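I set out to record, entry by entry, what I looked up in this structure.

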Amino acid sequence: MTTSLALKGIRKSFDGVVVLDDAEFSGNAGEVHALLGENGAGKSSLMNVAAGLYAPEAGQIVIDGEPIALSGPSEARARGIGMVHQHFKLVMPFTVAENILLANGSSAYRSGIKEIRAAIKKQSAELGFAIDPDRRVNTLTVAQQQQVEIVKVLVGGAKILILDEPTAVLTDAEAEQLLETVGRLARAGTAVVLITHKLNEVKRYADSVTIMRRGKTVATLDPSTTTAAELTQLTVGETQTLPARAQNANTGTRLNVGALSCARADGSMALQEATFFVRAGEIYGIAGVSGNGQAELAEALMGAREPATGEIWVENLGDITHAPVSNARIASIAAIPADRYSFALAGGLSLSDNFAVTEIGSGRYGSLAHLDRGTMQRDTASAIVEYDVQGTRSVKQKAALLSGGNAQKLVIAREFSRNPSVVVAHSPSRGLDARACNAVHQRLLAARDRGIAVVLISEDLDEVLSLSDRIGVMTRGRIVAEFERPADRQAIGRAMVDHA
Amino acid sequence: MHDVSALSPESRTNVKPNPTHFRLVLDVRQSLPAWKQALFLAGSLAVGLAISVAILAVAGISPIQLGSELIGVFNADSLRAVLVQAAPLMLVGLGASIAFRIGFWNLGLEGQMLFGGIFAAAVSIYQIGPPETRLLLMGVASAIGGALWCLLAGFLKINFRVNEIIATLLLNYVAVYFLFHLLYGAWQDARSAFPQSTPFKPFERLSDLGFGINSGLLVSVAAITAAAWLVHFSRVGFYMRVISANRSMAKVVGVPIQTVTLWIVAISGACAGIAGFVNVASQEGRLTQSFANGYVFSGVLIAFLSRNDPIAVAVVGFLIAVLFITGQTLQVFYQIPFTMVQLIEAIIVMSVASSEFFVRHRVRWIR
């Protein structure tokens with residue numbers, strides 16, 4: 001067996017956040033090589049480097065023993081690397097043949113389409129796909145679109161096929177069929193890289209597996225001689241025992257989410273009758289693989305998205321499922337969204353504008369005709385001191401100039417300044433360094449101790465485990481399992497992937 | 001997250017790695033100091049003006065002649081004409097800029113001007129109210145007319161998601177033909193063969209206050225002042241900033257987006273309506289069929305150049321008025337068609353629009 005694709009010492013960072021650090025990978029022709037890891041472990045980033053999408057800051061890409069520098073995706077394609085991304089790169093109103101022609105550039109349309117049509121027929125027959133080259137892509141199912149993507153890269157002459165979480169969008173039967181096809185491809189001589197976080201796929205279909213954690217390669221193993229428990233252990237890291245914590249006196253339900261369903265933009269259901277409750281003085285953690293409805297749940301709770309059916313009930317507010325964002329709602333529910341600059345802060349506005357915005361409607365900062373900038377700035381200045389927001393030269397500076405951690409502190413300062421009864425935090429430490437992350441966690445724990453009901457939605461299992469009193473596991477828009485503190489990390493990990 | 005640097009056009013065409021090839025790298029800027037932004041703006045403006053001067057030179061006006069004509073504008077008579085012309089320009093510019101501030105692309109300024117003029121003329125024709133308050137009533141009616149015509153597009157946007165660019169633009173035509181319907185029919189001056197209404201009575205006209213200042217200018221300066229206060233010192237202005245800075249955040253933090261939008265749409269239309277009133281009650285003295293021609297273009301240009309700031313609208317409005325009056329002079333003395341003025345406006349809009357790209361991106365050639 002020959003090594004087709006080797007990545008050595010790859011390093012890549014975005015805006016100072018290191019996503020790949022000395023990552024290694026080596027895939028052989030004729031085998032399915034799984035790349036396993038949690039969300040954000042760097043799997044997709046590493047393969048985006050191989051596909052020429054990201055230029056690595058350090059390290060080497062070796063193809064068939066020859067070290068190369070990729071100038072971009074087209075060069076990667078010319079070198080036989082084909083990647084099927086999680087989000088398909090297809091032009092929806094084009095036909096299958098047009099899409100494939102577009103990706104495998106021939107300048108002549110008419111003759112190009114003719115050649116491509118023949119190539120598609122040949123390739124689909126080999127793979128056992130039933131693809132009509134003249135169907136428009138937007139009339140195909142997701143599984144068929146994926147087949148088009150695979151045919152697209154193979155028609156382009158790919159010898160190394162990278163599939164990024166290919167089964168995430170498929171039903172079980174479709175997934176099985178796909179993985180068997182991929183196995184056949186490998187036996188015919190293609191090097192297949194299968195990015196996944198599903199253990200059973202690795203065990204059943206992969207010839208070897210590389211495990212990544214926090215941007216680093218942890219191990220490369222033969223899955224047939226490794227147990228699922230060992231793989232889980234390597235994926236999630238060391239299991240640490242959590243300190244016991246005093247339960248707050250048993251208090252009443254503060255927030256109740258009942259059978260909440262919510263549609264995505266494309267009509268598919270992001271939330272399917274999600275049900276849970278949160279007591280006053282507890283942190284309810286929601287764990288899960290990202291993309292299972294957490295974002296939609298957070299948005300529904302924060303008032304950014306209207307649920308289709310179900311109920312959101314908050315003590316003293318009542319049923320707020322379909323209510324517009326009112327002053328009372330803002331006063332009771334603190335929202336700490338995952339993406340600070342989409343729902344919490346406006347980068348182009350000043351710190352004081354960003355801080356005061358939630359209280360403007362209450363009349364604290366002047367009437368409709370008059371804006372009391374003085375009070376806004378004084379309040380902001382004192383909050384900045386109290387919540388230790390660093391790197392501020394003036395309350396008039398733009399919020400976009402704050403670092404991630406300090407922007408998050410500003411959001412927390414604003415949201416907590418109103419004495420809320422419920423806190424909804426979605427990945428509150430995403431993109432923060434250890435110190436800022438710790439500060440955020442301390443704030444959440446302090447809120448809990450003050451008797452606030454905290455919902456912590458996070459894809460970082462460590463965060464959920466260390467902070468939560470109770471943990472719900474979210475899969476495909478449902479809470480599929482609940483765990484009391486101290487929860488068993490392995491059990492939660494299994495619940496996250498078993499239902500996926 | 002896309003690594004833009006890896007997607008340079010060079011890499012698409014040049015598959016074989018070439019150690020000496022250059023590539024164009026585009027970075028998105030995080031922020032740019034205000035003075036640099038002003039520099040880019042000034043630079044693009046200079047480019048636009050240079051192209052305009054070149055085109056005029058080809059049309060037969062040497063830069064020297066052009067310069068003397070421009071200076072000539074600042075004699076007493078021409079200055080009066082400039083100030084009369086500045087009033088409606090400032091008002092349409094204000095109408096455009098206020099709507100643009102919250103991302104409502106009001107391209108129906110002409111239609112709203114027409115309805116402003118029609119409503120004002122209606123007050124005159126049906127002799128509503130005593131002579132002392134007639135002019136005031138005409139002004140109020142014009143604001144209502146413009147506001148209603150603009151709200152129609154706002155209503156379509158909010159309730160049926162009709163793109164306001166399309167709605168406002170097409171409603172211009174509806175307004176024009178409604179005006180024609182009046183001027184070729186019920187409202188046509190019986191003593192005139194032209195499609196125009198009976199002249200307004202002296203007390204129905206905006207008078208000259210002396211020193212070259214027309215009372216229409218006072219109306220527009222008052223509107224500018226009110227808008228500057230609204231935008232900079234009121235809660236509504238704060239809401240507008242939040243809506244334009246981050247709409248999804250505005251929703252989550254409880255900004256009444258819909259109410260604010262409807263009010264701003266109404267105010268925008270009202271400004272254009274008053275501009276229509278100022279035109280018919282000062283320059284024309286009656287309802288004519290062309291008193292709003294070309295104003296949507298000027299309004300957008302003024303809003304663009306002023307970065308939607310009311311005070312800057314006043315300054316830019318004045319400068320565009322200078323351009324208008326110079327254009328009229330060129331038309332008379334050099335037989336240059338007046339469309340040349342619109343051509344120059346268009347060139348300036350495009351230059352300023354392209355400066356936006358350089359404000360947001362940094363372009364570098366690297367090896």
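**Notebook: a helix and its surroundings**

I first looked up what the buried residues of H13(A) pack against, and found helix H12 (351-356) and helix H14 (404-416) of chain A. I note that the model is a predicted one.

I then looked up which residues of this helix are buried: they are Met376(A), Gln377(A), Asp379(A), Thr380(A), Ala383(A) and Ile384(A). Seen down the axis of H13(A), these buried residues fall within an arc of 165°, so they line one face of the helix. I recalled the general rule that an α-helix has 3.6 residues a turn, so residues three or four places apart point the same way.

On the face turned away from the buried side of H13(A), I found the exposed residues Gly374(A), Ser382(A), Val385(A) and Glu386(A).

I checked the length of helix H13 (residues 373-386) of chain A: its 14 residues reach 20 Å from the first C-alpha to the last, close to the 20 Å expected at 1.5 Å a residue. After H13(A) comes Asp388(A), which has a positive phi, near 55°.

**Domains of chain A**

I looked up the domain assignment, which gives domain 1 (3-236) and domain 2 (253-498) for chain A. Their C-alpha centres lie 35 Å apart. Domain 1 of chain A gives eight residues to the contact and domain 2 of chain A gives nine.

**Chain A and chain B**

Finally, I looked up the contact between the chains: 40 residues of chain A touch 27 residues of chain B. The chain A side consists of 23 nonpolar, 14 polar and three charged residues.

Key. Residues are numbered from 1 along each chain as its sequence is written. Chains are lettered from A and ligands numbered from 1 in the order in which they are written. This is a predicted model: local features need pLDDT of at least 70, side-chain atom pairs count only at pLDDT 80 or more; totals for chains, interfaces and linings use all residues. Two residues are in contact if their C-beta atoms, placed from the backbone, lie within 7 Å. Ala, Val, Leu, Ile, Met, Phe, Trp, Tyr, Cys and Pro count as nonpolar, Asp, Glu, Lys and Arg as charged, and the others, Gly among them, as polar. Helices (H or I, at least four residues) and strands (E, at least two) are DSSP runs, numbered from the N terminus. The expected span of a helix is 1.5 Å times one less than its number of residues. A residue is buried if 20 or more other C-beta atoms lie within 10 Å of its own, exposed if 12 or fewer, and partly exposed in between; C-beta atoms are placed from the backbone. The arc is that of the directions from the helix axis to the C-beta atoms. Domain bounds come from an automatic or database domain assignment.
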